[in-house]
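Dear colleague,

Please find below the structure that I am handing over to you. My notes on it follow.

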Amino acid sequence: MNKYLKWTLRILGSFFALLLILLLVLKIYVGSNKTRLIAEATEKISEKIGGKIEIKDVGVSMFKNFPYLTISLQELKITDSLYAKHQHALVQAEAIYLRVNPLKLLILNVSLNRLRIEKGGFYIYKDSTGYSNDYLLKGNGKKKETKPNNQFNNILDNIVIRDFNVTINDQKELKLFDFQINEFLVKNKQVDSILYLQTKSNILVKSFSFKTTKGSFVENQLFEGNWDLKFNTKTPALLFDSMTINISKQPFVFKGGF
């Protein structure tokens with residue numbers, strides 16, 4: 001065998017061996033520190049969202065997206081103070097998967113480059129008195145100092161959502177918006193203040209009602225499409241041009257923005 005080929009194979013073999021050792025060490029570390037990691041994860045989430053946060057388990061997989069490392073959060077639930085009364089969690093998910101770039105782990109830089117959420121829901125609830133659990137989205141009111149030398153570089157440029165329900169139930173104003181996300185894929189790239197979004201959607205609109213007493217504007221209709229969107233982070237504004245949405249297999253073209 002050519003000696004240069006031998007050296008190449010040895011280098012590649014050494015690299016993959018090092019990568020496997022690193023992933024194995026991380027798997028053992030997570031397995032032996034689950035309680036602390038769950039506490040830290042709930043603390044990080046609570047910095048952005050107020051309310052009670054529950055995570056049943058965390059785990060690490062070396063082969064789910066090999067050679068990427070996958071960190072999983074199992075049975076996540078975020079609830080408000082009156083959850084026991086109305087039984088609607090703001091967020092719940094059977095599983096959340098975070099994909100980590102292994103090459104950056106070698107230089108102790110944690111880069112999250114994919115988020116996948118499976119089987120769950122997002123539910124905003126307002127009762128007839130005006131009470132709503134949407135206050136959780138305003139955070140807990142605590143300000144934390146940012147660390148300029150933070151070694152964690154969390155960049156989520158690839159998001160996948162499957163089997164996820166989104167509901168806005170306003171019983172005071174008699175509004176009901178209910179969407180079943182069969183699949184929603186987002187890839188994003190930011191250039192200066194513009195965030196470019198490429199999406200693929202398969203969403204069942206179960207209810208789109210501005211007044212439930214008058215029925216739903218759209219009901220049990222399937223929305224499908226691949227859309228290119230632009231989001232201006234300074235304005236902010238969401239822009240789209242010649243966006244085709246298939247509603248129950250019938251194409252409709254939209255232009256404009258929000």
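Trp227 has its place in strand E9, where strands (E, at least two residues) and helices (H or I, at least four) are DSSP runs numbered from the N terminus. Trp227 is buried, because its relative accessible area is 12% and buried means under 20%, exposed over 50% and partly exposed in between (1.4 Å probe, protein chains only). Leaving out residues up to four places away in sequence, Trp227 touches Leu197, Gln198, Thr199, Ser201, Met243, Thr244 and Ile245; contact means heavy atoms within 4.5 Å. One of these, Leu197, is 30 residues from Trp227 in sequence and 8.0 Å from it in space, C-alpha to C-alpha.

The model is a predicted one, in which local features need pLDDT of at least 70 and side-chain atom pairs count only at pLDDT 80 or more, while totals for chains, interfaces and linings use all residues. Residues are numbered from 1 along each chain as its sequence is written, and side-chain values use heavy atoms, with hydrogens and water left out.

Trp227 also belongs to the lining of the second largest pocket, and is listed with Phe184, Ile203, Leu229 and Leu238 as lying nearest its centre. A pocket is an open set of points on a 1 Å grid over the protein atoms alone, where a 1.4 Å probe fits, with protein on both sides within 12 Å along at least five of seven lines; lining residues have an atom within 4 Å of a point. The volume of this second largest pocket is about 1,200 Å³, taken as the space filled by probe spheres set on the points, which are joined across faces, edges and corners. Its lining consists of 25 nonpolar residues, two polar and no charged. Strand E8 (194-209) is among the strands that each supply at least two lining residues, and E8 gives the most, with six.

Elsewhere, Lys126 is found in strand E4 and counts as partly exposed, at 25% relative accessibility. Its contacts beyond four places in sequence are Tyr131, Ser132, Asn169, Asp170, Gln171 and Lys172. Lys126 and Gln171 are 45 residues apart in sequence and 5.8 Å apart in space, C-alpha to C-alpha.

For the chain as a whole, there are four helices and eleven strands, and 35% of the 258 residues count as buried. Of the contacts between residues at least 6 apart in sequence, 51% join residues at least 24 apart.

Note on methods
Nonpolar A, V, L, I, M, F, W, Y, C, P; charged D, E, K, R; others polar.
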